[in-house]
Amino acid sequence: MQDYLNVIKNHYADFKGRARRREYWMFTLINAIITFVLQIPAQGALMGMAMQSDASGAPSAGVTGIALISIILLLVYTLAVLLPSIGVAVRRMHDTGRSGWLLLLGLIPFIGWLILLYFYVQDSQPGANKWGPNPKGQGTNVPQNAATNW
């Protein structure tokens, strides 16, 4: 949760620097959980609305208050975390020594996301690169502890 809040508070639209694997994956995990929880009432209400159709197949009831509120909350949350999500992904690419423009590979169906997943799970580039120093402190005289440097 601390990594998620760090991205939201301190790196909201930050596309410079580097992000460790832990920062990226914790942000992604908590973001997915929040999105899932916000989708539950919206999906339930929309499924109920679809089941209440008349003979012609048109829904007989409009979007109810709870469904509308949950859809609006989901939309607001999604728009609010759009820039931090892109920013942490760009900084993760920088950490592996790649340009953030490689995120455009995600536009290639299926294969693009597999390539990006491969990049996301790779370890940090040791030492400093053109996007800044290693956030783990590797490449300097700092001792490594494998348990804390994931």
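Student: In which helix is the place of Ile111?
Tutor: This is a predicted model: local features need pLDDT of at least 70, side-chain atom pairs count only at pLDDT 80 or more, and totals for chains, interfaces and linings use all residues. Residues are numbered from 1 along each chain as its sequence is written, and side-chain values use heavy atoms, leaving out hydrogens and water. With helices taken as DSSP runs of H or I, at least four residues, numbered from the N terminus, Ile111 falls in helix 5.

Student: Does Ile111 count as buried, partly exposed or exposed?
Tutor: Buried means under 20% relative accessible area and exposed over 50%, with partly exposed in between (1.4 Å probe, protein chains only). Ile111 has 46% relative accessibility, so this residue counts as partly exposed.

Student: Which residues touch the most other members of the largest nonpolar core?
Tutor: Such a core joins buried Ala, Val, Leu, Ile, Met, Phe, Trp, Tyr and Cys residues through side-chain atoms within 4.5 Å. The largest one has 14 residues, and those touching the most other members are Tyr4, Tyr24, Phe27, Val88, Met93, Leu116 and Tyr120.

Student: Which helices each supply at least two residues of this core?
Tutor: Met93 touches Leu116 and Tyr120, among others, not counting residues up to four places away in sequence (contact: heavy atoms within 4.5 Å). The helices supplying at least two residues each are helix 1 (2-10), helix 2 (21-51), helix 4 (82-95) and helix 5 (111-121).

Student: What distance separates the C-alpha atoms of Asn134 and Arg18?
Tutor: Asn134 is found in the segment after helix 5 and is buried, with a relative accessible area of 8%. Its contacts include Arg18 and Asp95. Asn134 and Arg18 are 116 residues apart along the chain, and their C-alpha atoms are separated by 7.3 Å.
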